[in-house]
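Work through the exercises below with the sequence and the 3D structure at hand. Try each task before reading its solution.

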Amino acid sequence: MSSVNSSSTTRDRLAKQRGIPTRCNCGEAVNRFTSKTIQNPGRLFHCCPLGSQKDKTHLFKWTDKSVVEEIEDFQDLFDVRAGEAMMTRHESRIQEMEDAMCHYEEKTSECIRELRGIKALFVCCLVMVFLYHIYA
Ligand SMILES: [Zn+2]
């Protein structure tokens, strides 16, 4: 595990750990510290108790970067939820419209049946009037 190859894959895995880290790849729980260096005074960071900023095999991560990642991930999650909610709303609207269309289709066929009845009645009346004029 101390070869150059495994240390570079460890670094890749560390790079992929998004958000606020809880555990280093070595298994140690990470703690939050405050930087006392001249370059980053008072800046918060998460660090493996076995690591340091220069030691890339153990976890070292600035907390502000972790927080930005957390917010980004949360926004992604929120966007997905909002999108899903909108889809559900649209689906229910489509269902409502389909139901309404079914209802109007029934109404239309009902109207057509009624019109046919009226037409038959009209023809009957015409025939009766015609017969009345002939035989009266
Ligand atoms: Zn570690």
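**Overview**

The protein's secondary structure consists of two helices and three strands; helices (H or I, at least four residues) and strands (E, at least two) are DSSP runs, numbered from the N terminus. The model is predicted, so local features need pLDDT of at least 70 and side-chain atom pairs count only at pLDDT 80 or more, while totals for chains, interfaces and linings use all residues. Residues are numbered from 1 along each chain as its sequence is written, and side-chain values use heavy atoms, with hydrogens and water left out.

**Exercise 1. Lys61**

Decide whether Lys61 is buried or exposed, and find which backbone oxygen its side chain reaches.

Solution. 
1. Lys61 lies in strand E3.
2. Its relative accessibility is 12%, so Lys61 counts as buried. Buried means under 20% relative accessible area, exposed over 50%, partly exposed in between (1.4 Å probe, protein chains only).
3. The side chain of Lys61 reaches the backbone oxygen of Gly19 at 2.9 Å.
4. Leaving out residues up to four places away in sequence, Lys61 touches several residues, including Phe45, Ser66 and Glu69.

**Exercise 2. The zinc ion**

Name the residues that coordinate the zinc ion and state the geometry of its site.

Solution. 
1. Donors are N, O and S atoms within 2.8 Å of the metal (3.2 Å for Na, K and Ca).
2. Cys24 (SG), Cys26 (SG), Cys48 (SG) and His58 (ND1) coordinate the zinc ion at 2.1 to 2.3 Å.
3. The angles among the four donor atoms are 105 to 115°, and the site is tetrahedral. Four donors count as tetrahedral if all angles lie between 85 and 135 degrees.
4. The donor residues are spaced C-x1-C-x21-C-x9-H in sequence.
5. Cys24, in the loop between helix H1 (4-16) and E1, and Cys48, in the loop between E2 and E3, are 24 residues apart. Both Cys24 and Cys48 are buried.

How values were computed
A polar contact is a pair of N or O atoms within 3.5 Å; within protein, one must be able to donate a hydrogen and the other to accept it, and residues adjacent in sequence count only if both atoms are side-chain atoms. Contact means heavy atoms within 4.5 Å. Four donors count as tetrahedral if all angles lie between 85 and 135 degrees; four count as square planar and six as octahedral if opposite donors are over 155 degrees apart and all others between 65 and 115; anything else is irregular.
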